[in-house]
Protein chains: 2
Amino acid sequence: MAEAVLKAWSAFLGTHARALRRVEARLKAAGMPPLEWYDVLLELERAGGRLRIGDLAERVVVAPYNMTRLLDRLEADGLLGRERLATDRRGAFAVLTAKGGRLRKEMWPVYEAAIRDVFAPLTASEAQTLERGLDRVAARLRAADRDGPEAAAAD
Amino acid sequence: MAEAVLKAWSAFLGTHARALRRVEARLKAAGMPPLEWYDVLLELERAGGRLRIGDLAERVVVAPYNMTRLLDRLEADGLLGRERLATDRRGAFAVLTAKGGRLRKEMWPVYEAAIRDVFAPLTASEAQTLERGLDRVAARLRAADRDGPEAAAAD
DNA sequence: GGTGTTTAATTGCAAGTGCAAATATATGTG
DNA sequence: CACATATATTTGCACTTGCAATTAAACACC
C-alpha cells in the first residue's frame with residue numbers, strides 16, 4: 001500500500017468522511033437542513049428552476065428511488081413542487097418554489113464558511129490540481145455509467 | 001462559485017459519490033461485503049489484531065454507536081470477537097479472527113483493481129498532490145475533533 | 001465510604017437507504 | 001390493433017443510521 005494512487009485513495013476516503021461530518025455539523029448547528037437539500041436546490045436553480053426527476057438524481061448522484069423520497073421531504077417543506085409532464089405522462093419535473101430559492105440562499109453563507117474552513121490547509125494550486133484531477137475522474141465515471149457499467153471495467 | 005477552493009470542494013463531493021458507488025458495485029459484483037467491512041478488518045490488522053472499540057470507530061471514521069452495530073454484524077459472521085478488558089471493565093477490544101484476516105486478504109485484489117480503475121485518469125504527480133493536500137486537511141480535522149469541535153471554528 | 005461526575009459501550013426508536021417489485025405510460029413489431 | 005418490451009417514477013420491506021437515553025464501571029472529592 002505504498003503507491004501514490006493507493007495512498008491518494010485512502011486519503012480521499014478518510015478526508016471525505018471527516019470533512020463531510022464537520023460540514024454537516026456546521027449546517028445543523030446553524031439550524032439548517034442537510035447538505036443534500038442544498039444540492040437539490042442548487043441543481044434546480046442552475047437548471048432554471050425545473051428539472052426532470054431522473055436528471056436531478058443523476059446530477060446530485062442519488063439513486064432514483066432515493067430521489068423520489070428526498071423530493072417528498074423537500075416538497076413537504078414547500079421547497080419545491082412536482083409537475084407531471086403532458087407530453088410523456090410517466091415523467092415529472094421537480095420545480096423550485098420561491099421558498100426553496102430563499103432557503104438555498106440562506107444556506108450558502110454557512111456552507112461556504114464551512115468549506116473554506118475545512119479546505120483551508122490547501123494551497124490554491126493544490127486546490128486547482130485537485131479540482132482538475134477529480135473532475136477528470138468523475139467525467140470518466142459519468143461516461144461509464146452512460147455506456148453501461150460493464151464497459152467501464154473494460155479498458 | 002468560481003474560486004479554486006469552492007470548485008475543488010464541488011469536484012471532491014461529486015467524484016467521491018460516483019467513485020464510491022462504483023467501487024461498492026464492484027465489490028458486490030464479486031460477492032464481497034461492503035467497503036466498510038474491509039476498513040474495519042484492515043485497521044484491526046494494522047493494529048496487530050486487537051483495538052479498543054472507540055479507537056476503531058475513530059480510525060474508520062464511524063460514530064461509536066454505529067461501530068457497535070457494525071461490529072455486531074462482523075462478529076455474527078465470525079470475522080472478529082469482543083474481549084472485555086480486565087483493567088477497565090467498561091471498555092472492550094475488537095479482536096480479529098483468522099477468518100477475518102482471510103476475508104480481508106480476499107477482498108483486497110477486488111478492491112485494489114477497482115481503485116486503480118477509478119483513479120486511472122490521475123497522473124502520479126496529481127495523485128501525490130492529492131494525497132498530501134487531503135492528508136493535511138484530515139490531520140487538521142482530526143486535531144480539531146480532539147480539541148473539542150468549538151476550537152475548530154476559531155481560527 | 002458515599003455521592004456526584006465522567007467515560008465506554010450499548011440500545012430504543014424514528015428516519016433514511018438499498019433492493020426488488022409494482023405502476024403507469026410509451027414504443028416497436030407483426 | 002394487440003402484444004411484448006422498454007422507460008420514468010414510485011413503493012414494500014428489510015437493513016442501516018442518527019439521536020437521545022441507558023447501562024455499567026471508573027474517578028473525584030469531601
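Is Arg140(A) buried, partly exposed or exposed? Select Arg140(A) to find out. Arg140(A) is partly exposed, with a relative accessible area of 31%. The model on your screen is predicted. The tour starts with one chain, then moves to the pair.

**Stop 1: chain A as a whole**

Chain A holds seven helices and three strands. Follow the chain from the N terminus, and the elements come in the order α-α-β-α-α-β-β-α-α-α. Along the principal axes, the C-alpha atoms occupy a box of roughly 55 × 45 × 25 Å. Of the 155 residues in chain A, 45% are buried. Now turn on contacts. Among those in chain A with a separation of 6 or more, 53% join residues 24 or more positions apart.

**Stop 2: Tyr38(A)**

Select Tyr38(A). This residue sits in helix α2 (residues 35-46) of chain A. Is Tyr38(A) buried or exposed? Tyr38(A) has a relative accessible area of 3%, so it counts as buried. Show what surrounds the side chain. Setting aside neighbours within four places in sequence, Tyr38(A) touches Arg104(A), Met107(A), Trp108(A) and Tyr111(A). Tyr38(A) and Ala114(A) are 76 residues apart along the chain, and their C-alpha atoms are separated by 14 Å.

**Stop 3**

Side chains of opposite charge can pair when their charged atoms come close. Compare how open each partner is. Asp88(A) counts as partly exposed, at 23% relative accessibility. Arg90(A) counts as exposed, at 69%.

**Stop 4: bring in chain B**

Show both chains. Chain B can be laid on chain A by a turn of 180° and a shift of 0.0 Å along the axis, with an RMSD of 0.0 Å. The two copies are therefore related as by a two-fold rotation axis. Which residue of chain B comes closest to the rotation axis? Select Leu130(B): among the residues of chain B, its C-alpha atom comes closest, at 3.0 Å. Now look at where the chains touch. Of the interface residues of chain B, 98% are also interface residues in chain A, so the copies meet through the same surface.

**Stop 5: salt bridges between the chains**

Over all chains, the structure holds 26 salt bridges. Select Arg116(A) and Glu3(B). Their side chains meet in a salt bridge, 3.0 Å from N to O. This pair crosses between chains: Arg116(A) is in helix α5 (residues 98-118) of chain A, and Glu3(B) is in the segment before α1 (4-29) of chain B. Arg116(A) counts as partly exposed, at 30% relative accessibility. Glu3(B) is also partly exposed, at 41%.

Move on to Asp117(B) and come back to Arg140(A). They form a salt bridge with the closest N and O atoms 2.9 Å apart. The link runs from helix α5 (residues 98-118) of chain B to helix α6 (residues 124-146) of chain A. Asp117(B) is buried, with a relative accessible area of 10%, whereas Arg140(A) is partly exposed at 31%.

Select Glu3(A), Glu112(B) and Arg116(B), which are linked in a network of salt bridges.

**Stop 6: helix packing in chain B**

Select residues 35-46 and residues 64-76 of chain B. These are helices α2 and α4, which pack at an angle of about 90° with their axes 11 Å apart. That angle makes α2(B) roughly perpendicular to α4(B). Which residues make the contact? From α2(B) come Glu36(B), Trp37(B), Val40(B) and Leu41(B). From α4(B) come Met67(B), Leu70(B), Leu71(B), Arg73(B) and Leu74(B). By type, the contact has seven nonpolar residues, no polar ones and two charged ones.

On the α3(B) side, select Ile53(B), Leu56(B), Ala57(B) and Val60(B). They meet Pro64(B), Met67(B) and Leu71(B) of α4(B). Here the contact residues are seven nonpolar, no polar and no charged. Met67(B) and Leu71(B) take part in the contact with α2(B) and in the contact with α3(B).

Technical notes
Residues numbered from 1 in each chain as written. Chains lettered and ligands numbered in written order. Predicted model: local features only at pLDDT ≥ 70, side-chain atom pairs only at ≥ 80, totals over all residues. Heavy atoms only, no water. Axes fitted to C-alpha atoms, helices over the stretch in contact; angles between N-to-C directions. Helix = DSSP H or I, 4+ residues; strand = E, 2+ residues; numbered from the N terminus. Parallel < 35°, antiparallel > 145°, perpendicular 65-115°, else oblique. Contact = heavy atoms within 4.5 Å. Nonpolar A, V, L, I, M, F, W, Y, C, P; charged D, E, K, R; others polar. Salt bridge = Lys/Arg side-chain N within 4 Å of Asp/Glu carboxyl O. Buried < 20%, exposed > 50% of the residue type's maximum accessible area, 1.4 Å probe, protein only. Least-squares fit on C-alpha atoms with pLDDT ≥ 70 in both.
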